[in-house]
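Dear colleague,

Please find below the structure that I am handing over to you. My notes on what was found in it follow directly after.

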Amino acid sequence: MEIRKASLTDLDVLMDIFAYARRFMQATGNGNQWVNGYPARELIADNITQGNTYVCEEGESVLGTFYFLQGESPEPNYRKIYKGAWLDEAPYGVIHRIASSGKRKGIASYCFDWCFKQCGNIRIDTHRDNKVMQHLLEKSGFVRCGIIYLANGSERIAFQKNK
(Lines give C-alpha, C1' and ligand atoms only; values in the text may rest on other atoms or scores of the structure.)
Protein backbone atom coordinates (compact mmCIF):
# COMPACT_ATOMS: atom_id res chain seq x y z
CA MET A 1 0.00 0.00 0.00
CA GLU A 2 1.03 3.57 -0.58
CA ILE A 3 -0.06 6.99 0.60
CA ARG A 4 -0.24 9.93 -1.78
CA LYS A 5 -1.87 13.34 -1.88
CA ALA A 6 -5.36 13.20 -3.30
CA SER A 7 -6.22 14.97 -6.52
CA LEU A 8 -9.55 16.31 -7.71
CA THR A 9 -9.81 13.28 -10.00
CA ASP A 10 -10.15 11.19 -6.81
CA LEU A 11 -13.16 13.17 -5.58
CA ASP A 12 -15.92 10.79 -6.74
CA VAL A 13 -14.14 7.79 -5.21
CA LEU A 14 -13.59 9.67 -1.95
CA MET A 15 -17.25 10.63 -1.74
CA ASP A 16 -18.15 6.94 -2.22
CA ILE A 17 -15.76 6.04 0.61
CA PHE A 18 -17.35 8.63 2.89
CA ALA A 19 -20.83 7.29 2.03
CA TYR A 20 -19.65 3.78 2.93
CA ALA A 21 -18.12 5.10 6.17
CA ARG A 22 -21.42 6.79 7.15
CA ARG A 23 -23.30 3.51 6.58
CA PHE A 24 -20.65 1.60 8.57
CA MET A 25 -20.87 4.05 11.47
CA GLN A 26 -24.67 3.79 11.49
CA ALA A 27 -24.44 -0.02 11.55
CA THR A 28 -21.95 -0.02 14.44
CA GLY A 29 -23.88 2.29 16.78
CA ASN A 30 -22.42 5.63 15.73
CA GLY A 31 -25.33 7.31 14.02
CA ASN A 32 -24.60 10.83 15.25
CA GLN A 33 -21.13 11.61 13.93
CA TRP A 34 -21.19 12.20 10.18
CA VAL A 35 -24.77 13.33 9.63
CA ASN A 36 -26.52 15.32 6.91
CA GLY A 37 -24.07 14.23 4.23
CA TYR A 38 -20.93 15.26 6.11
CA PRO A 39 -18.30 15.65 4.83
CA ALA A 40 -19.66 17.74 1.97
CA ARG A 41 -18.17 17.39 -1.50
CA GLU A 42 -17.18 21.09 -1.43
CA LEU A 43 -15.22 20.62 1.82
CA ILE A 44 -13.31 17.64 0.45
CA ALA A 45 -12.60 19.43 -2.85
CA ASP A 46 -11.27 22.41 -0.87
CA ASN A 47 -9.11 20.13 1.34
CA ILE A 48 -7.71 18.46 -1.80
CA THR A 49 -6.95 21.84 -3.40
CA GLN A 50 -5.14 22.93 -0.23
CA GLY A 51 -3.06 19.72 -0.36
CA ASN A 52 -4.23 18.28 2.96
CA THR A 53 -6.21 15.23 1.80
CA TYR A 54 -4.44 11.93 1.23
CA VAL A 55 -5.40 8.56 -0.16
CA CYS A 56 -4.23 5.10 0.73
CA GLU A 57 -4.07 2.97 -2.37
CA GLU A 58 -2.98 -0.40 -3.56
CA GLY A 59 -2.40 -0.69 -7.28
CA GLU A 60 -5.16 1.36 -8.87
CA SER A 61 -7.58 0.96 -5.94
CA VAL A 62 -8.13 3.74 -3.42
CA LEU A 63 -8.78 1.93 -0.14
CA GLY A 64 -8.96 4.87 2.27
CA THR A 65 -8.60 8.58 2.76
CA PHE A 66 -7.74 11.08 5.49
CA TYR A 67 -7.01 14.74 6.11
CA PHE A 68 -3.57 15.48 7.59
CA LEU A 69 -2.07 18.81 8.57
CA GLN A 70 0.92 19.61 10.75
CA GLY A 71 2.29 22.77 12.25
CA GLU A 72 2.53 24.94 15.33
CA SER A 73 -1.19 24.71 16.20
CA PRO A 74 -3.09 23.47 13.15
CA GLU A 75 -6.40 22.72 14.91
CA PRO A 76 -8.17 25.65 16.63
CA ASN A 77 -10.61 23.29 18.37
CA TYR A 78 -7.67 21.75 20.25
CA ARG A 79 -6.68 24.97 22.05
CA LYS A 80 -8.83 24.05 25.05
CA ILE A 81 -9.18 20.55 26.40
CA TYR A 82 -11.49 19.58 29.24
CA LYS A 83 -11.46 16.71 31.74
CA GLY A 84 -7.81 16.02 30.97
CA ALA A 85 -4.73 17.43 29.26
CA TRP A 86 -2.70 16.99 26.10
CA LEU A 87 0.49 14.95 26.49
CA ASP A 88 2.53 18.01 25.50
CA GLU A 89 2.26 21.38 23.81
CA ALA A 90 4.85 20.72 21.08
CA PRO A 91 3.96 21.26 17.40
CA TYR A 92 1.74 18.43 16.19
CA GLY A 93 0.01 16.87 13.23
CA VAL A 94 -3.74 16.44 13.15
CA ILE A 95 -5.75 13.71 11.43
CA HIS A 96 -9.38 14.28 10.44
CA ARG A 97 -11.93 12.54 8.25
CA ILE A 98 -10.20 9.17 8.10
CA ALA A 99 -12.32 6.65 6.24
CA SER A 100 -11.92 3.27 4.61
CA SER A 101 -13.63 1.68 1.63
CA GLY A 102 -14.18 -1.45 3.71
CA LYS A 103 -12.42 -3.56 1.08
CA ARG A 104 -9.37 -4.33 3.20
CA LYS A 105 -8.63 -4.49 6.92
CA GLY A 106 -5.85 -2.45 8.49
CA ILE A 107 -6.26 0.76 6.49
CA ALA A 108 -6.66 3.02 9.53
CA SER A 109 -3.57 1.57 11.23
CA TYR A 110 -1.55 1.95 8.05
CA CYS A 111 -2.63 5.61 7.73
CA PHE A 112 -1.93 6.32 11.42
CA ASP A 113 1.57 4.83 11.06
CA TRP A 114 2.25 6.90 7.94
CA CYS A 115 1.17 10.13 9.69
CA PHE A 116 3.31 9.30 12.73
CA LYS A 117 6.36 8.86 10.48
CA GLN A 118 5.73 12.35 9.05
CA CYS A 119 5.30 13.93 12.47
CA GLY A 120 6.06 12.17 15.75
CA ASN A 121 3.32 14.05 17.59
CA ILE A 122 -0.26 13.43 16.41
CA ARG A 123 -3.63 14.57 17.73
CA ILE A 124 -7.03 13.29 16.64
CA ASP A 125 -10.57 13.29 17.97
CA THR A 126 -13.67 11.15 17.56
CA HIS A 127 -17.29 10.96 18.61
CA ARG A 128 -18.10 9.22 21.91
CA ASP A 129 -20.29 6.74 20.00
CA ASN A 130 -17.48 5.80 17.62
CA LYS A 131 -16.28 2.79 19.60
CA VAL A 132 -14.61 1.29 16.52
CA MET A 133 -12.36 4.35 16.06
CA GLN A 134 -11.62 4.57 19.78
CA HIS A 135 -10.47 0.95 19.71
CA LEU A 136 -8.32 1.51 16.60
CA LEU A 137 -6.70 4.58 18.16
CA GLU A 138 -5.87 2.84 21.42
CA LYS A 139 -4.59 -0.20 19.51
CA SER A 140 -2.28 2.14 17.56
CA GLY A 141 -0.81 3.67 20.73
CA PHE A 142 -2.91 6.82 21.02
CA VAL A 143 -3.71 8.00 24.54
CA ARG A 144 -7.14 9.34 25.51
CA CYS A 145 -6.41 12.90 26.72
CA GLY A 146 -9.78 14.51 27.42
CA ILE A 147 -12.70 16.24 25.73
CA ILE A 148 -12.64 18.96 23.08
CA TYR A 149 -15.52 20.86 21.53
CA LEU A 150 -15.97 21.59 17.84
CA ALA A 151 -16.94 25.06 16.64
CA ASN A 152 -20.59 23.94 16.50
CA GLY A 153 -20.44 22.84 20.17
CA SER A 154 -20.28 19.10 19.52
CA GLU A 155 -18.21 17.15 22.03
CA ARG A 156 -15.38 14.86 20.91
CA ILE A 157 -12.95 12.58 22.71
CA ALA A 158 -9.38 13.79 22.11
CA PHE A 159 -6.42 11.47 21.62
CA GLN A 160 -2.71 12.03 21.18
CA LYS A 161 0.33 9.94 20.33
CA ASN A 162 3.89 11.21 20.61
CA LYS A 163 7.41 9.84 20.65
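Strand β7 (residues 155-162) is largely enclosed by the rest of the structure, because 6 of its 8 residues are buried (under 20% relative accessible area, with exposed meaning over 50% and partly exposed in between, for a 1.4 Å probe and protein chains only). Strands here are DSSP runs of E of at least two residues, and helices are runs of H or I of at least four, numbered from the N terminus.

Please note that this is a predicted model, in which local features need pLDDT of at least 70 and side-chain atom pairs count only at pLDDT 80 or more, while totals for chains, interfaces and linings use all residues. Residues are numbered from 1 along each chain as its sequence is written, and side-chain values use heavy atoms, with hydrogens and water left out.

Strand β7 runs antiparallel to β5, to which 6 bridges join it; within this pairing, D125 has A158 as its bridge partner. Another 6 bridges join β7 to β6, again antiparallel, and I147 is partnered there by I157. The hairpin of β6 and β7 has 5 residues between the strands, and G153 in this hairpin adopts a positive phi near 95 degrees.

These strands belong to an open sheet of 7 strands with mixed pairing, in the order β1-β2-β3-β4-β5-β7-β6 (two strands pair if DSSP finds at least two bridges between them). At the edges are β1 (2-5) and β6 (143-149), each of which pairs on one side only. On average, neighbouring strands are turned by 30 degrees against each other, direction ignored. Helix α1 (residues 11-27) packs on the sheet and touches β2 (53-58), β3 (61-71) and β4, its direction making about 90 degrees with that of β3. Contact means heavy atoms within 4.5 Å; axes are lines fitted to C-alpha atoms, for helices over the stretch in contact, and angles run from 0 to 180 degrees between N-to-C directions.

The parallel strands β4 (residues 92-100) and β5 (residues 121-126) are joined by 3 bridges, with G93 opposite I122.

The largest pocket holds about 1,100 Å³ of space (an open set of points on a 1 Å grid over the protein atoms alone, where a 1.4 Å probe fits, with protein on both sides within 12 Å along at least five of seven lines; lining residues have an atom within 4 Å of a point). The volume is the space filled by probe spheres set on the points, which are joined across faces, edges and corners. Its lining comprises 40 residues, with M25, W34, I98, N130 and M133 nearest the centre. Strand β4 gives the most to this lining, with 6 residues.

With kind regards
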